[in-house]
Amino acid sequence: MDLFADIRGLVLGAIDTLAASGALPAGLDMAGVLVEPPRDPSHGDMATNAAMVLAKPAAMKPRDIAALLAERLLADPRVTAAEVAGPGFLNLRLAAGAWQAALRTALTEGAAFGRADIGQGTRVNIEFVSANPTGPLHVGHTRGAVFGDALASLMAFAGYDVTREYYINDAGAQVDTLARSVYLRYLEALGEAVAFAEGSYPGEYLKPVGAALAAEVGERWVDQPEAVWLPEIRAFATDAMLALIRDDLAALGIRMDVYFSEKSLYGSGRIEAAIERLDEAGLIYRGVLDPPKGKTPEDWEPREQSLFRSTAHGDDVDRPIRKSDGGWTYFAPDIAYHWDKIERGYTQLIDVFGADHGGYVKRMKAAVSALSDGQVPLDIKLTQLAKLWKDGAEFKMSKRAGTFVTLRDVVDEVGPDVTRFVMLMRRNDMPLDFDFDKVTEASKDNPVWYVQYAHARIASVLRKAAEAGADTADATLARADLATLDDPAQLALIRRLADWPRQVALAARHHEPHRVAFFLYDLAAEFHALYKRGDDLPGLRFLDPGRPDAQAAKIALARATGVVIANGLAILGVTPVEEMR
RNA sequence: GCACCCGUAGCUCAGUUGGAUAGAGCGCUGCCCUCCGAAGGCAGAGGCCGCAGGUUCGAAUCCUGCCGGGUGCGCCA
């Protein structure tokens, strides 16, 4: 139940009625009609721009349309006032019962309160992390992991059929490097002295892999040429790395639905099939690219290549799909991979990349547009870096200095809940400061703590009420007489709760889970303010044993707030706490 | 040189498919604890929304051009 959507429906119905009676032209486009909370609360409970949006197509003055609408809307019992204001806004005031109904809905729907159906079951594939399987996830992957997972939860909550997917880059040269590095660890495990050459992976994390390999195959591959062991060790090593990565993700509470292997595309004809599809569309040709202007590589030489005419779908230059040795460029399997997603029936695709991959956005969108005849939208979300701070100084990651910070390091330090919330407290395309000292601080400038504190306070109130003998079951609370909730701070909180479903829809539509985090912060602030008001006005205290009916209403409000906080945190993947320790 | 992202209060950042007088936290100033948890709350000061044009009833939001910061730019994925 979304009160704002309900009232919007009421407005649209009024427009239809007016059109039917000839007061307005028929067939007006109402897509731009919004019902929102006004910025200034004195303007009323809700405002609609309907009259201004319709003015031009209807060839009427906005204020005239607004006046017509006002008359119709007032016929509904939920609307107690409708005033035309400014250039043609229609400000509405709602009956107390309408707001109270929203609060009751929060109690009766519980964990489902705020669910939307804007997705209508649309199958959406969200690809995120997709780190090379050559080692544990490092801190740079954390943000994309958290963002992708929260976005997936958000969209699922908004009615999409969501798949979380990880693309394993297990076909490139770096996997050979991994295999060779594992081979060295294997020899080492068998007692040989080894030296790691430039460009290999000397990380400690490969020691157990080498040891496991030694235990499995014994000395069979010692003193053998690479051709003998490379393919098998490659598979063995990537499996081990993938297990490592799965564990890292699990530590953050992330479970992928699909791990898709790039290697599986090779030799299966699927790359050829995808390119063939582009070729049939006349988008593959042989040609010579111009060097990038202003920055010609020193070894530049004109070369005839097999090119994808991505410029036909919005890219800036056409892109090579074959290397001069005849092999595929990395872009070709990417095309095939996205073609595979389309063939699997997804009608909406989302890729989450690090900001350093921003250069691939246009070509990838061009490919998906070409492959799906523009039918499957691809949204690419770029995540900016998270800067680590510790003891007041930036904590730089450097492989050379040995300060390799893993995702696991961060989670071990502050826990998955804090990691996730902090990463989501910023828009994905804004850089982020992650201060180890601050994020664990118990104070108001730590949003994680502040939101959790509100939830814990509510849990505390409910505990105490129950201890004192009150019936705090949701079903009972939902039957309380809520008319006594008439203080401005209480009404503000109720309005905020009623706004939750609308915020979910907005966040899902924009693919922006951070909106949920900000909403929760504002909601928590509203709750804390009300709670504090009980100091001066004892009648506002939630625990009010002398007035059982009033207490029931206030506890219902507290509980509903707790429900919304819990639902929001669930989207973010953060566990609500019952008490602060 | 080109592309993409960013530019909003002293600092860090929100800002509804374009909506009314642009918000929050920190910091600053001033208030409030025999009180359901003060690990807080209330109030105030603080803005040419990078600059200049354009689109329209209306622009922080859309378009164009500049300025500043970041990320990238054909056989690495």
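This is a predicted model: local features need pLDDT of at least 70, side-chain atom pairs count only at pLDDT 80 or more; totals for chains, interfaces and linings use all residues.
**Figure 1. Overview of chain A.**
Chain A contains 581 residues, of which 48% count as buried. Its secondary structure comes to 18 helices and 15 strands. The C-alpha trace spans about 85 × 60 × 40 Å along its principal axes. The accessible surface of the chain is about 26600 Å², and 51% of this area belongs to carbon and sulfur atoms. Among the contacts in chain A with a separation of 6 or more, 71% are made by residues 24 or more positions apart. The domain assignment gives four entries: domain 1 (3-94), domain 2 (173-251), domain 3 (386-435) and domain 4 (442-572). Between the C-alpha centres of domain 2 and domain 4 there is a distance of 53 Å.

**Figure 2. The hairpin of β3 and β4.**
Strand β3 (residues 79-85) and strand β4 (residues 89-94) run antiparallel and are joined by 6 bridges. One of the residues in these bridges is Glu83, whose partner in β4 is Asn91. The hairpin has 3 residues between its strands, and Gly86 takes a positive phi near 55 degrees there.

**Figure 3. The open sheet of β13, β14 and β15.**
In this view, 3 strands form an open sheet with mixed pairing, in the order β14-β13-β15. The edge strands, each pairing on one side only, are β14 (393-394) and β15 (432-435). Strand β13 (residues 386-390) pairs with β15 in the parallel sense, over 4 bridges. Across this pair, Leu388 stands opposite Phe434 of β15, and Trp389 has Asp435 of β15 as its bridge partner.

**Figure 4. Helix α13 and the two faces of β15.**
Helix α13 (residues 416-423) lies across β13 and β15, and its direction makes an angle of about 155 degrees with β15. Which residues of β15 are on the covered face, and which are on the uncovered one? Leu432 and Phe434 belong to the covered face, whereas Asp433 and Asp435 belong to the uncovered face. In a regular strand, side chains alternate between the two faces of the sheet.

**Figure 5. The nonpolar cores and the surroundings of Ile126.**
The largest nonpolar core has 127 residues, and Ile15 and Ile126 have the most contacts inside it. Helix α18 (residues 548-572) supplies the largest share of this core, with 11 residues. A second, separate core has 32 residues, including Phe308, Ile321, Phe331 and Leu349. When neighbours within four places in sequence are left aside, the residues in contact with Ile126 include Gly148, Leu151, Ala152 and Met155. Also among the contacts of Ile126 are Val162, Thr163, Arg164 and Glu165, together with Ile350 and Val352.

**Figure 6. Gly287 in strand β8.**
Gly287 is found in strand β8, which comprises residues 284-288. Why does Gly287 count as buried? The relative accessible area of Gly287 is 11%, and a residue counts as buried if this value is under 20%. Apart from its neighbours within four places in sequence, Gly287 is in contact with Arg303, Glu304, Gln305 and Leu307. Phe308 is 21 residues away from Gly287 along the chain, and the C-alpha atoms of these two residues are separated by 9.7 Å.

Key:
Residues are numbered from 1 along each chain as its sequence is written. Chains are lettered from A and ligands numbered from 1 in the order in which they are written. Side-chain values use heavy atoms; hydrogens and water are left out. Two strands pair if DSSP finds at least two bridges between them. Contact means heavy atoms within 4.5 Å. Axes are lines fitted to C-alpha atoms, for helices over the stretch in contact, and angles run from 0 to 180 degrees between N-to-C directions. Domain bounds come from an automatic or database domain assignment. A nonpolar core is a set of buried Ala, Val, Leu, Ile, Met, Phe, Trp, Tyr and Cys residues joined through side-chain atoms within 4.5 Å. Buried means under 20% relative accessible area, exposed over 50%, partly exposed in between (1.4 Å probe, protein chains only). Accessible areas come from the Shrake-Rupley method with a 1.4 Å probe; for residues, only the protein chains shown count as cover.
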